[in-house]
Amino acid sequence: MKRFLLKIEGIVQGVGFRPFVYNQAISLSLKGWIKNSSQGVYIDIQGEEENLDRFIYNLEDKHPSLAKIENIIIYEQELADYNGFQIKESEMKGEKITLISPDMAVCEECIKDITTPTNKRYKYPFTNCTNCGPRFSIIKAIPYDRANTTMKKFNMCGDCHKEYSDSSNRRFHAQPNACKECGPHIWIEDCYGTKVGLDDVLGWTRQRLKEGKIFAIKGLGGFHLVCDAENEEAVNLLRDRKNRPDKPFAVMINHIDTVKKYCRVNMKEEKILTGSRKPIVILEQNNDYDLPQCIAPNQSTLGVMLPYTPLHHLLFQGDIEVLVMTSANVHGLPLEYENESAVEKLGHIVDYFLQHNRDIQMPIDDSIVRVVDNEIRMIRRARGYAPEPIKKDNVKEILALGSNMKNTFCIAKDNFLFLSQHNGDLENIETAEHYKNNIEHYKNIFRFSPKYIACDMHPSYTSSEYASDSLLPRVEVQHHHAHIVSCLAENNIERKVIGIAYDGTGYGIDGKLWGGEFLLCDTKEFTRLGHLNYIKMPGGQMAIKEPWRMAVSFIHRMIEYSDYSMREQLKQLLLKLYGKKSIGVMTLIDAEINCPKTSSMGRFFDAAASIIGGRDIISYEGQAAIELESIMDRNCNEFYNYDVDREKIYIINTEKIIYSIIKDKIAGVNNKIMSAKFHNTIVKFSKDICKFIREDTGINEVALSGGVFQNTFLLKQLAAELANEEFVVYTNKLIPANDGGLALGQIIIANEIINK
Ligand code: ZN
Ligand code: ZN
Ligand code: FE
């Protein structure tokens with residue numbers, strides 16, 4: 001006989017951990033108790049040594065799927081006089097953090113409940129249990145008890161309470177537990193918010209969807225705009241009303257088998273699609289793809305998710321297979337998540353609202369991932385992932401404010417880093433407010449008060465304004481350094497590496513806009529060892545929305561340096577491609593009015609996409625590059641000649657590459673070939689520069705980060721070719737390579753600097 005006191009740290013509250021432990025103890029004839037505390041879960045356990053070993057083994061190996069054990073500390077105790085196993089009252093005190101589970105997709109057992117006619121939860125859209133359902137999105141405060149969630153207003157009926165109190169039940173202490181008798185319900189409103197009286201809300205909704213009507217459906221983390229994806233007219237109507245001409249819509253598909261009708265799905269992708277987090281997964285369309293082109297114009301991919309709430313499952317009970325499901329917001333504004341506000345803001349977009357009365361405390365978008373090289377690649381980290389922490393020793397209490405685009409922030413406390421969910425682009429008052437509210441919420445639920453602030457160096461980021469409002473000491477972090485460190489962090493690397501940061505733009509230490517950078521860096525400091533040559537961005541921000549301006553800027557440079565005959569040819573080409581407006585932009589460049597200089601890889605892509613593919617104006621970020629990648633001929637191995645100048649550092653001469661593209665263009669070379677040559681060229685010079693730097697420094701490890709690495713070909717090919725040259729290559733996986741991962745890099749660099 002022995003007795004142990006176990007302290008379990010990790011996500012062990014609100015995930016069915018206590019009933020699991022209770023059942024384990026009973027089945028192994030062990031005695032003692034279990035108690036939740038703000039420090040974690042404590043288990044006092046006594047019995048045969050063999051059974052105790054088995055018990056501890058099972059804790060680690062057989063725990064409920066949502067639980068995540070970070071650490072088990074074992075203290076041996078004197079034998080005590082227990083006569084059973086008991087679940088003790090929670091004890092919450094002190095400022096220690098409680099880990100909160102992300103929202104999880106409905107589990108198989110709950111799906112069985114809602115599809116079994118004899119079950120009391122048959123067709124009930126808010127069915128959940130300790131293994132599934134809402135968590136983070138309904139929590140108002142900690143500890144995680146029903147009274148601290150938006151479920152407080154529903155009093156459990158006798159039956160539900162019985163389940164909730166029965167430690168052998170799947171719904172034991174399932175805080176959002178509910179049924180038809182006592183829980184939330186759904187109803188329909190028209191576009192003015194007037195209730196439509198109906199018996200069969202979901203049947204009626206299906207019928208209207210089939211007719212081509214557009215709905216806003218309230219879900220787990222906010223509203224979705226929904227229409228029948230097989231109805232081209234409906235999809236186009238939604239595009240018109242939402243004023244979203246090109247950006248692809250995600251779809252929800254009833255079943256994994258239906259997904260395979262339209263897309264190629266490998267094992268890894270299938271596992272993610274059907275797992276308990278249920279993000280949107282970007283898949284390649286297959287040869288039988290015949291959904292309307294307007295769902296994802298000019299794309300060879302489709303963003304797909306499977307139903308993840310009971311409501312979704314019930315919606316697909318009829319003959320609907322594929323629904324467009326896109327975040328419900330007005331262009332550029334935050335996700336709608338409150339009933340009245342949704343009607344006010346979305347009434348002009350939708351025909352009907354499918355409402356419910358379980359309030360959303362913390363809105364959260366669908367996560368978006370892709371699989372590249374058989375690894376998950378996070379594009380938007382939100383539902384199902386946030387606020388799961390990253391472990392990190394010796395952290396100070398820091399708030400990192402993140403980027404302006406695709407914002408996330410990050411807080412550091414108690415050896416954990418919490419990267420927030422995607423907060424959107426901080427481009428207006430509404431998103432900035434939303435951002436500040438989310439920071440306050442995190443401070444509250446994690447009992448966090450920052451002692452330091454980390455932010456980007458950019459002088460006019462909205463996120464950084466938050467820093468100047470605060471009196472706390474602040475660490476300013478260079479944008480691309482933060483990108484590379486986000487990648488180092490998730491690969492557990494602290495030593496010096498060669499970092500390749502390719503993205504749109506970020507503020508450089510010389511005041512110019514960087515974005516095609518080779519850094520020699522570790523988690524504390526960096527040196528810039530190479531970059532794309534600087535080129536003017538005519539019109540500043542305008543040049544980001546209008547890629548043709550970048551093309552003109554490149555051609556302008558060539559005209560300056562060309563001989564007479566070439567000069568005339570270039571001028572002709574300019575007029576042919578862009579008409580008279582190009583002359584205006586040339587004047588702007590000559591006069592150096594609003595022409596910041598940039599070394600951005602994103603802008604280099606824009607210029608190429610405009611010249612090759614004619615994508616002159618974009619309606620969503622990254623559009624030009626995404627379309628350019630989608631047309632490339634993957635069998636073409638050719639590339640353009642390029643120069644790398646060695647001044648003090650390595651400078652890639654991008655003009656020479658654009659010049660070759662133009663020669664191809666004049667010669668009438670196929671777009672697909674030009675796109676392939678362009679992509680191959682980037683891989684080639686990137687690899688060359690790594691080799692030069694290795695010769696100079698002896699450093700053999702390369703980290704790739706920045707939004708441009710969402711380009712699948714570039715990521716895959718560059719990683720492969722570097723590996724061929726015997727480099728060790730690190731890439732982002734669960735942390736976005738785009739600006740959504742920036743806050744993590746910022747917090748780690750700031751922590752190093754503060755700790756020095
Ligand atoms: Zn469940
Ligand atoms: Zn009930
Ligand atoms: Fe960036």
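This is a predicted model: local features need pLDDT of at least 70, side-chain atom pairs count only at pLDDT 80 or more; totals for chains, interfaces and linings use all residues.

**Ground rules.** Residues are numbered from 1 along each chain as its sequence is written, chains are lettered from A and ligands numbered from 1 in the order in which they are written, and side-chain values use heavy atoms, with hydrogens and water left out.

**Zinc site.** Which residues coordinate the zinc ion (ligand 1)? I find Cys-107, Cys-110, Cys-129 and Cys-132, each through SG, at 2.3 to 2.4 Å. Donors here are N, O and S atoms within 2.8 Å of the metal (3.2 Å for Na, K and Ca); water is not among the atoms, so sites may look incomplete. The angles subtended by the four donor atoms run from 104 to 117°, which makes the arrangement tetrahedral. For that label, all angles of four donors must lie between 85 and 135 degrees; four count as square planar and six as octahedral if opposite donors are over 155 degrees apart and all others between 65 and 115, and anything else is irregular. Along the chain the zinc donors are spaced C-x2-C-x18-C-x2-C. Cys-107 sits in the loop between strand S5 (85-87) and H3, and Cys-132 in the loop between H3 and H4, so this pair ties together parts 25 residues apart in sequence. Helices (H or I, at least four residues) and strands (E, at least two) are DSSP runs, numbered from the N terminus. Cys-107 is buried at 14% relative accessible area, and Cys-132 is buried at 0%. My cut-offs: buried is under 20% relative accessible area, exposed over 50%, partly exposed in between (1.4 Å probe, protein chains only).

**Iron site.** The iron ion (ligand 3) has His-479 (NE2), His-483 (NE2), Asp-503 (OD) and Asp-739 (OD) as protein donors, 2.1 to 2.3 Å from it. Its four donor atoms subtend angles of 84 to 170°, which makes the arrangement irregular. The donor spacing in sequence reads H-x3-H-x19-D-x235-D. One pair among them links distant parts of the chain: His-479 is in helix H13 (residues 479-490) and Asp-503 in strand S24 (residues 497-507), 24 residues apart. I checked their burial, and both His-479 and Asp-503 are buried.

**Salt bridges.** How many salt bridges does the structure hold? The count is 40, taking a side-chain nitrogen of Lys or Arg within 4 Å of a carboxyl oxygen of Asp or Glu.

- Glu-163 and Arg-121 meet at 2.7 Å, N to O. Glu-163 is in helix H4 (residues 158-165) and Arg-121 in the loop between helix H3 (108-115) and H4, so parts 42 residues apart in sequence are tied together. Glu-163 counts as buried at 14% relative accessibility, and Arg-121 counts as buried at 1%.
- Arg-383 and Asp-366 meet at 2.9 Å, N to O. Arg-383 is in the loop between strand S17 (375-380) and S18, and Asp-366 in the loop between strand S15 (352-356) and strand S16 (368-372), 17 residues apart. Arg-383 and Asp-366 are both buried.
- Lys-496 bridges to Asp-522, with the closest N and O atoms 3.6 Å apart. Lys-496 is partly exposed at 33% relative accessibility, whereas Asp-522 counts as buried at 14%.

I also noted a network: salt bridges that share partners join Glu-109, Asp-113, Arg-121, Glu-163, Arg-170 and Arg-171.

**Sheet.** Six strands form an open, mixed sheet in the order S18-S21-S20-S19-S22-S23. S18 (390-391) and S23 (474-477) are the edge strands, each pairing on one side only. Strands pair if DSSP finds at least two bridges between them. S19 (residues 398-400) and S22 (residues 452-456) run parallel over three bridges, and Leu-399 stands opposite Ile-453 in S22.

**Helix H23.** Last stop: H23 (residues 742-755) has 14 residues and reaches 20 Å from its first C-alpha to its last, close to the 20 Å expected at 1.5 Å a residue. The expected span is 1.5 Å times one less than the number of residues. Is H23 mostly covered or mostly open? H23 is mostly covered, with 11 of its 14 residues buried, including Leu-742, Gly-745, Asn-751 and Ile-754.
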